[in-house]
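This note sets out several points for a reader who is new to the structure. Please consult the sequence and the model while reading.

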Amino acid sequence: QDLVLDNDSGARRPNGLPLKIIIAAAFCWSIFQLWISSPLPFILNIFVLDDTKSRYIHLSFAIFLVFLSYPFTKRSPRDYIPVADWLIAIIASFSALYLLVFYEQLSQRAGLPNRYDVIISWVGIIFLVEATRRALGPPLAIIATIFLVYTFAGRYMPEVIMHKGHNLEKIASHQWLATEGVFGIALGVSTSFVFLFVLFGDMDRRLGRL
């Protein structure tokens, strides 16, 4: 029962306003996913989003809820959300929404990110790795970190796997600002299909309990 509760609540069990905010965010996320999966946006011609913009919003909801729902460590308090996690959740969520807000400007300087683009990108990448560690455990976060280090230090690797290496700007552009990294096919599948399977599967399980 504790394992099921941890999976349902994200290991935290806050009360009062924090719980209401988490529930409201999860509800809005569900409504958003149902909206973009339905024909209503095209019928009503309201809030029509392409796949790329949908991924930005999808990840912003996900990463926001992870930092509110999962504590930093197993020993961290679970009955309230520290101020630091509130700040991280907002900043991490904004790092994904940044791509939506400045979509036109970013498309005009594709491949040539400015200083703010690079900073926001690396904030998003770092917080995404941390969100992965909290939600899924250290192994996947460690693998992601190893590959990031490999991207930097390719010229120092054994000859078989050696490459010239990339700088901060190149990695930010590829991994966060383009649709080849974080916002690639895997996130697209999550946005279009996986979320709905999880949502309706959970609804079916809960209705089965009644």
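1. Ser 60 lies in helix α4, which spans residues 51-69; helices are DSSP runs of H or I with at least four residues, numbered from the N terminus. The model is a predicted one, in which local features need pLDDT of at least 70, side-chain atom pairs count only at pLDDT 80 or more, and totals for chains, interfaces and linings use all residues. Residues are numbered from 1 along each chain as its sequence is written, and side-chain values use heavy atoms, without hydrogens and water.

2. Ser 60 counts as buried because its relative accessibility is 4%, where buried means under 20% relative accessible area, exposed over 50% and partly exposed in between (1.4 Å probe, protein chains only). Apart from neighbours within four places in sequence, Ser 60 contacts Ser 93, Ala 96 and Leu 97; contact means heavy atoms within 4.5 Å.

3. The largest nonpolar core has 40 residues, of which Leu 99, Trp 176 and Phe 183 touch the most other members. Such a core is a set of buried Ala, Val, Leu, Ile, Met, Phe, Trp, Tyr and Cys residues joined through side-chain atoms within 4.5 Å. Among the elements giving two or more residues to this core are α2, α5 (83-101) and α10, while α4 gives the most, with 11 residues.

4. Leaving out residues up to four places away in sequence, Leu 99 touches Tyr 56, Leu 106, Trp 176, Leu 177 and Phe 183.

5. Leu 34 is located in helix α2. With a relative accessible area of 35%, Leu 34 is partly exposed.
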